[in-house]
Amino acid sequence: MAAALSVRSLSKRYGRVVALSAVDLDVEEGQLVGLLGPNGAGKSTLVKIACGLVRASAGEVQVCGARAGSPAARASLGYLAELFRFPGWATADEVLELHQRLADSDGGVAERTRLLDLVALADARKRRVEEMSKGMQQRLGIAQALVGRPRILLLDEPTSALDPVGRRTVRELLEEIRGRGVSVLLNSHLLSEVELVCDRVAILLGGRIVAAGTPGELAEARGVEIETDEGVRVFDVARREDVPGLVAELVAAGRSVYGVRVLRSTLEEVYLEAVGGTTS
Amino acid sequence: MSVVVGYALREALRRRVFLVVLLLTVCFLGLYGLANYYIFRDVASIQVPEDVPVDSRTFAAAFVDGMAMFATLFLGVVLAVFLTLGAVGGDAERGLLQPLVVRPLGRGSLIVGRFLAAATVCAGYVLAVYLAAMTITGLVGHWWPDRIAWPGVTLACAVALVAGLSLLGSVFLSSTANGIAVFMIFGAGLVAGLLGTIGHALGSATISHAARIAAWALPFEALYQDALRQITSRTSGLTGFLLRLGPFGGGYTGGWGVRLWAAAYLVLLGGATIAAFSRKDL
């Protein structure tokens, strides 16, 4: 089966500015991939090319086996833009109904009810968009992206306007969506969020992927920390496998061992190392 | 495409601009009715010398009806421009367009749907205002145009053409810049039409020729002139001559040539808009 999203040697130039340069990326069926990078790294450009909003300068992008931008590709995806807006005069129900008709979804009222329930907007069904808070509009945006049961979701900063509770709701939602076999490409600045939910992570910098892998692969071993009666000792080059030997040595030397912690770099540390302090 | 037409129609009807135009229209028609009352009260008392073969009632009615057509065209253009000036660039800047464009519906269908909705609203509006103004003049002044429906249809087509121009502009320009550009083009067309009237009155072939070129380059002006011409198409003699001196009865461009050219112009505009929109990065 074709990957949900396949990006090959993708490049994009805006005049003299190189937004993307020879990017390769895959999102497999049912996989949740996080795309990280500072502002201007090319994350949104990559997503927009996959959606057919922006034309690539070179390279190839396929969505569920169809060329990005083709009707078949667009029928397979759900998209939430970083900066989006729905018409203020429309109600939540009308927004979803419009997208159902555009996506040729036959879900009807049942689908709209299910989606509004999913994003905790069931009570705001008849409320006009202009009367909603930014967080509510963001959740409506996620519901809109899910209209028509897409095979892949492309989400550009879906939690940027949400409070901590809203973020948690979205995180749980993403896990549920993945559980149904839907693939997700998630652009986010929130490293902890990406670390918690993503199967794989790619870090973009200056239009190139500078690091990619599972959060576990990216988080390098950084030694072992052992708490003894003499205080905390850090063994920088030690790994998890070395722990029994280290503990045995300390005990043999007459030390009392109270605790052991295998140290790994966090995604934030990996990210900061990869981008070298670049912010935009 | 019907989805987009329905969406754009609802948007047009629910936006405040529509309400503003409706209020302005009510004011205009009220004042127009008042003007008609005073004009025809005074016309009744005018004694035209017997050796001057002018039908003062026809002259006054055709003149005031022509003026109403100008106002109708202007209000219709305001509506058309405000409904379409940000259809691509403006909506993309605000993030309204992207969620729609990523759906399987093609960009061509989206833009055609937007045009059809704007044209339907504007054409309906122009026809309604034209008929209302004509009815006011007919009831108050007891005068009816030589052709009743066709001038209104022609006027509605002129406004639809401006909506097409505005849609094309929206692909390249921001909302404000596009609005300014379209109103400047509209103004240029009207000035060219007035120049043509002056050229004919003065008997200047050069000015008339320049005005005719402008009317063909901007066919909404040619259609407006065509509509004006039709309301007095069977009015002859000195009354007809005086009316053609303008400014509200002096249409010199018209006929099927202009109408067919306007239709072709609209198709070309549509093709250019779709081509440009298809290549635009959002």
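Predicted model: local features only at pLDDT ≥ 70, side-chain atom pairs only at ≥ 80, totals over all residues.
Chain A has 280 residues, of which 40% count as buried, and its C-alpha trace spans about 75 × 45 × 35 Å along the principal axes. Its secondary structure comes to 10 helices and 13 strands. If we take the contacts in chain A between residues at least 6 apart in sequence, 67% of them join residues at least 24 apart. The domain assignment divides this chain into domain 1, residues 5-217, and domain 2, residues 221-264, and the centres of these two domains, taken over C-alpha atoms, are separated by 44 Å.

I would like to turn now to the sheets, beginning with the one built from four strands. These strands of chain A form an open, antiparallel sheet in the order β2-β1-β4-β5. At its edges stand β2 (17-27) and β5 (66-67) of chain A, and each has a single partner strand, so one side of each is left without a neighbour in the sheet. Within this sheet, β1 of chain A, residues 5-14, pairs with β2(A) in the antiparallel sense over seven bridges, and if you want a residue pair to look for on the screen, A:S6 has A:D26 in β2(A) as its bridge partner. Helix α1 of chain A, residues 43-51, lies across β1, β2 and β4 (58-63) of chain A, and runs at about 115 degrees to β1(A).

The next sheet in chain A is also open, and here six strands follow the order β6-β7-β8-β3-β9-β10 with mixed pairing. Its edge strands are β6 (77-80) and β10 (208-213) of chain A, each of which pairs on one side only. Neighbouring strands in this sheet are turned against each other by 15 degrees on average, if direction is ignored. The strand β6(A) runs parallel to β7 of chain A, residues 152-156, and four bridges join the two.

Two helices of chain A lie across parts of this sheet. Helix α5 of chain A, residues 134-145, lies across β6 and β7 of chain A and runs at about 165 degrees to β6(A), while helix α6 of chain A, residues 164-179, lies across β3 (32-36), β7 and β8 (183-187) of chain A, at about 150 degrees to β8(A).

One residue of β7(A) deserves a moment here, namely A:I152, which stands opposite A:L77. Which residues is A:I152 in contact with, once its neighbours within four places in sequence are left aside? They are A:A4, A:L5, A:V27, A:V63, A:C64, A:S76, A:L77, A:V182, A:S183 and A:L185. A:I152 is also among the residues with the most contacts inside the largest nonpolar core, a core of 160 residues, and the others named there are B:A118, B:C122, B:V159, B:L161, B:V162 and B:A163. The largest share of this core, 17 residues, comes from helix α6 of chain B, residues 107-141. As general background, nonpolar side chains tend to be buried together in soluble globular proteins.

Staying with chain B for a moment, B:L161 lies 102 residues away in sequence from B:A263, yet the two are 8.7 Å apart in space, C-alpha to C-alpha. B:A263 sits in helix α12 of chain B, residues 256-278, and it counts as partly exposed because it has 13 C-beta neighbours inside 10 Å.

I will finish with the contact between the chains, which takes 22 residues from chain A and 19 residues from chain B. On the side of chain B that touches chain A, the elements giving two or more residues are α1 (2-14) and α5 (98-101) of chain B. The residues on that side of chain B divide into 10 nonpolar, three polar and six charged.

How values were computed:
Residues numbered from 1 in each chain as written. Chains lettered and ligands numbered in written order. Domains from an automatic or database assignment. Contact = placed C-beta atoms within 7 Å. Nonpolar A, V, L, I, M, F, W, Y, C, P; charged D, E, K, R; others polar. Core = buried A, V, L, I, M, F, W, Y, C linked by C-beta atoms within 7 Å. Buried ≥ 20, exposed ≤ 12 C-beta atoms within 10 Å, placed from the backbone. Pairing = 2+ DSSP bridges. Axes fitted to C-alpha atoms, helices over the stretch in contact; angles between N-to-C directions.
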